[in-house]
Structure formats: structure tokens, C-alpha cells
Amino acid sequence: MGLFAGYVAAVAGLLVGVILIALARFHPPAFSALRGAATDLVSPVTNGGRAVVVAVTDSADEVAAYWNAGAQNATLRRELAASRARLVEARVLHYENARLKALAGLVAATPERVAVAQVVGSTASSARRLVTLSVGAASGVRRGQPVRSTEGLVGRVIETGRISARVLLVTDASSTVPALLVRTGLPVLATGHGDGRIDLRALAAGAAPFRRGDLIATSGTGGVYPPGIPIAVVTEAHRETAVGMPLADPARLDYAVVLRIFEPDLPSPAPAPRGP
Amino acid sequence: MSRLAPEEIRALLPLRARAVPIVATMAASALATLPIVTDMPLLPPFGLLMLLAWRLLRPELWQAWVGLPLGLFDDLMSGQPIGSAMALWTIVLLALDLSDNRAIWQDYWHDLLIATFALAFCIAGGWMVVAFTAAAPSLLAMVPQMVLAILLMPSAIRIAARLDRFRLAR
């Protein structure tokens, strides 16, 4: 391609890019098939990524053990290291066991579940707060379904591939969840802040309804999120607003349960998040 | 004998010499899908770092339209709305071409300064696209990522230079 034709192509493509951005604003589901295919493509890779990290750590340990073998107290050290590693391993297993037991209890107690999935990645370089799940449309996951973990509400599905799905976290700035203050039953809107915190706004006038340590849970209003799922704990209380930390810390989160939409037949008055 | 135009030289290069920069940039974009889950946008835009490194190292390597396919791939990997990196990267490449036509000479520190502006522009631009299509956090939340990206730029240039030696090795 000639130099001038190259510039013409670049400017034309630039306009196409701007049109695509506008399309994402005014018709969010556009290209969801393409995006779903992309997450499908990388989901198994990222899923295996954890195993690779473990394997690399293991082989590094083996190299270190080889060098230590030359030293006088190699045997002792190796035994100590092995038992230490085993101790850590046992602790990790114990922790995982506790988590899986909690999850098993949750799975047994939630007949409205669609699928149980692993969180395999997130949009760590984008201003959006999305995580990728290891299940998709093949397991019955659909756009709009709520997602929770053992600790609390995670978010809702906004894109599905065949074997992967993207979840809009409750901490995303475009996510709003109808909730209530558990202590008083006061209706509250929980909006993401985009940096890991959640803004809480009381829907009724009243003097300082929030206190530090208050629990916020879903109210079931709007028919998307089932009632009674904990969302956040209030960490900063102001007059009619408050800031909370999500209970389901996305950085710690490894397993999540996709739920059915609570009352899908209701016309949803809840402010729905606008997705790409 | 007449001088060859850059695109004629490109056509003469072997496959490896043409493919390595593209593969490296796409691989850097794909780093965004690592199994890392963060509360804030923290991971620097690796794809953009690689693109800028190649563009500064070998200005004649690419025409400005290369930002479109590479940006599309980056959008699919990063979870940004489609069109975001496509448009922003192309704007940056066009602006770099313009500045190259005017600059009389340019050294390493000019390159880093230009890359700093380009990174700040693309991260702020990506934030604006998210604010336009959905809703974005405050711009302050993007500052750590911006600082991290700018500090990583020299490493990106070094990696690109290493790959360049491999690319042109016989």
C-alpha cells in the first residue's frame, strides 16, 4: 500500500473506530458474539495459567534443592524445607477445604443456581471492572443473571461466550443494585465506585441512617437479584450517603455461583447497567 | 538505481522480520488476560507499550493503519469497548508521523517524552470511552496505572530492541 493510501486507510479506520464506540454506547449488545468468542479463546489458557504458575514455582524449588545438595547440611535443610512446604500445603488445603465446604453448602442451599464457576481473570488494565468466569452459554449462563460467591454478591453477567462469561462487578461504576440496610430495613441503592468501593445512597430522608459496620444486602426489588444476598459493609458513614467495602472481594474470589434471574417476568424498573 | 520506498523494503523482508513485531504486540495485548483479578485498573496497557516501543525503535516499520487491527485485538483482550484502542492507537500513530515530519533530530529522551504523552493520552482516552459507553470511576483511579505504564516504557523499548535483533538475525 502506498504512503498516501495508508493514511487514507488509517483515517477511514479511525472513523470506523469512533462509530464502533458510539455503537457500544447506543446499542450495547452489538458484537457480543465476537467478544464472547474472544473470551472463549483465552478462558482455557488463563484457566491453565494457575497450574503453570504452580509448576514454575515447583521447578524453581527443585533447582534450589540441587544447589543445596552440595552443602553439608543439605539433607537437614531439604527435610526442613519439605516439612515446611508440606505444612504450608496442609494449611492451603485446609483453607481450600473450608472454602469448598462453604461453597458446597451454598450450592446445596441455592436451588436457583445455574452453574458453579471459577473466576479466571479480570479486566485489570481497563477502567471497567469485569471478571471472566469459566462457564458460558453451554452451561445455561445468560446475560443479566446475578452472580454470587460464598461471601456475598459478585455482580451480574453482561456477556456470554460458549464456555466463558464476563461479569460486571458490583464495584463497577455502571453497576447499581437495589439493596437495603439490614439493621433497619431502609431501602438503599448500592452503586459501584470503580476503585473497589461501593457508594451507598439511602432512598428515604432521615438523619444519618448509616453507621460504620452496617451490613447491606440485596432487597429483591426490580426482580434481578434475589433478596438477602449480602453486598457490603459500611466503612464510612456520611449524612445520607455512605461508602462500603464489598463482602465478596473480587481479588480473593475464586469460585462463584451463577443464579437465575429472581423474577424474570417483572418489567425491570431497576437501573440496568449499560454494557459494551 | 532508484531508492526503494519503505513499503518496497518491507515486502522484501523475510516472514520472520515482518511477523515478529506484530506477534510481539499481540502477545503483549494478550497479557491482559492473565489470571490476575484487581479492584482497580492497575495492569499497564502492555499492548500499547509494545506498539510504542516498536514505533519509536523502527519508525519506518509500520504505516499508521496498523493501529486498527492491532487495536481491535487489544480491545477484545482488554475488555474495553470495541473501537477504543482502534481509534486511540491510530490517533497516536498519525500524531507520531506528523511529529516525525517536523522534528529535525530526536534522541532517546525525546522518545521517552513522546511515549509518556502517548501513554497518558491513551489511558485517559480509554477512560473517556468507558465514561461515554458505561460509567467510569474518577480519573484519579487511573493515575497508578498511568505512572506504572510510564515507568515500564524503557523496559518495553529494551524488550523490543532484543526482539529486533532476533528479528533481523540471519
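Predicted model: local features only at pLDDT ≥ 70, side-chain atom pairs only at ≥ 80, totals over all residues.
Q: What makes H3(B) largely enclosed by the rest of the structure?
A: A residue counts as buried if 20 or more other C-beta atoms lie within 10 Å of its own. In H3(B), 11 of the 12 residues are buried, so the helix is largely enclosed. Among them are B:Phe46, B:Met50, B:Trp54 and B:Arg55.

Q: What covers those buried residues of H3(B)?
A: The cover includes helices H2 (15-30), H4 (67-78), H5 (84-102), H6 (108-133) and H7 (143-168), which belong to chain B.

Q: Why is A:Ala205 called exposed?
A: A:Ala205 has 7, so it is exposed. You'll find A:Ala205 in the loop between strand S8 (198-202) and strand S9 (215-218) of chain A. Its C-alpha atom is separated by 20 Å from that of A:Thr218, 13 residues apart along the chain.

Q: Why are S3 (residues 146-148) and S4 (residues 153-160) of chain A called a pair?
A: Pairing takes at least two bridges between two strands. S3 and S4 of chain A have three bridges, in the antiparallel sense, so by that cut-off they pair. As one point of detail, A:Val147 stands opposite A:Gly155 in S4(A).

Q: Which barrel do S3 and S4 of chain A belong to?
A: Both sit in a closed barrel of six strands, running S1-S2-S5-S4-S3-S12 with antiparallel pairing. The twist averages 45 degrees from one strand to the next.

Q: How many residues of chain A are in contact with chain B, and what makes up that side?
A: 47 residues of chain A are in contact with 47 residues of chain B. Helix H1 (3-26), helix H2 (32-69), strand S1 (113-122) and strand S2 (130-133) of chain A each give two or more residues. H1(A) gives the most, with 12 residues. By type, the chain A side divides into 24 nonpolar, 16 polar and seven charged residues.

Q: Where do the domains of chain A lie, and how far apart are they?
A: The domain assignment gives domain 1 as 78-109 and domain 2 as 176-247. Their C-alpha centres lie 33 Å apart.

Note on methods. Residues numbered from 1 in each chain as written. Chains lettered and ligands numbered in written order. Domains from an automatic or database assignment. Helix = DSSP H or I, 4+ residues; strand = E, 2+ residues; numbered from the N terminus. Axes fitted to C-alpha atoms, helices over the stretch in contact; angles between N-to-C directions. Contact = placed C-beta atoms within 7 Å. Nonpolar A, V, L, I, M, F, W, Y, C, P; charged D, E, K, R; others polar.
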